[in-house]
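Subject: Structure handover

Hello,

Here is the structure we talked about passing on. Please open it first; my notes on what was found follow below.

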Amino acid sequence: VLTHKGMEKAAFAGPGTKLDNRIKNLDENAERAWRGEKVRNEDIVTHPKSSMDEAAMYHDLRYHHAGRVAKDKKELLKLKQKADLHLVKDNVKNILNPFNTNPVDRFTNAASVPAFAAKMAYEHVFG
């Protein structure tokens, strides 16, 4: 997570999220996120700091769901790639939004989308 003086560190972006400490009813909300639905506000213990952080929260929830429902490693990889695609799509919308004036969102989104696109391309080629 990129931080700058005076900016809060992200709650969900980066390693060591400890999702089970940040979201109540984790399995239920992970399934809800997988279906594209919003997590209930009262179930969020630690709220995201930016739209990028919120996208990371939903990505983490989708990964959690994938880990619960995948029958084998091949299916798990496929489901995680689907979660990665959702993250890229969510962030591209934020980058292209001319009304998003939050400098943290614009900077972190612009930096993260190419990295996730590269990760997806690598996994597609080298599986």
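Buried residues make up 35% of the 127 residues in the chain; buried means under 20% relative accessible area, exposed over 50%, partly exposed in between (1.4 Å probe, protein chains only). This is a predicted model, with residues numbered from 1 along each chain as its sequence is written, local features needing pLDDT of at least 70 and side-chain atom pairs counting only at pLDDT 80 or more, while totals for chains, interfaces and linings use all residues. Side-chain values use heavy atoms, without hydrogens and water.

The chain has five helices and zero strands. Helices (H or I, at least four residues) and strands (E, at least two) are DSSP runs, numbered from the N terminus.

**Core**

The largest nonpolar core holds 15 residues. Such a core is a set of buried Ala, Val, Leu, Ile, Met, Phe, Trp, Tyr and Cys residues joined through side-chain atoms within 4.5 Å. F12, L19, I23, M57, Y58 and L61 have the most contacts inside it. α2 (26-34) and α3 (51-69) each supply at least two of its residues. The largest share, four residues, comes from α3.

Leaving aside neighbours within four places in sequence, F12 is in contact (heavy atoms within 4.5 Å) with residues including L19, I23, P48, A56 and M57.

**α2 against α3**

The axes of α2 and α3 come within 8 Å and cross at roughly 105°. Axes are lines fitted to C-alpha atoms, for helices over the stretch in contact, and angles run from 0 to 180 degrees between N-to-C directions. That makes α2 roughly perpendicular to α3, a label for angles of 65 to 115 degrees.

L26, D27, N29, A30, E31, A33 and W34 in α2 meet Y58, L61, R62, H64, H65 and R68 in α3. The residues of this contact divide into six nonpolar, three polar and four charged. Here Ala, Val, Leu, Ile, Met, Phe, Trp, Tyr, Cys and Pro count as nonpolar, Asp, Glu, Lys and Arg as charged, and the others, Gly among them, as polar.

The buried residues of α2 are L26, N29, A30, R32, A33 and W34. G36 follows α2 and has a positive phi, near 90°.

**R62**

R62 sits in helix α3. Is R62 buried or exposed? R62 is buried, at a relative accessible area of 6%. Beyond neighbours within four places in sequence, R62 is in contact with A33, W34, G36, A83, H86 and D90. R62 and W34 are 28 residues apart in sequence, and 5.3 Å apart in space, C-alpha to C-alpha.

Best wishes

How values were computed. Parallel < 35°, antiparallel > 145°, perpendicular 65-115°, else oblique.
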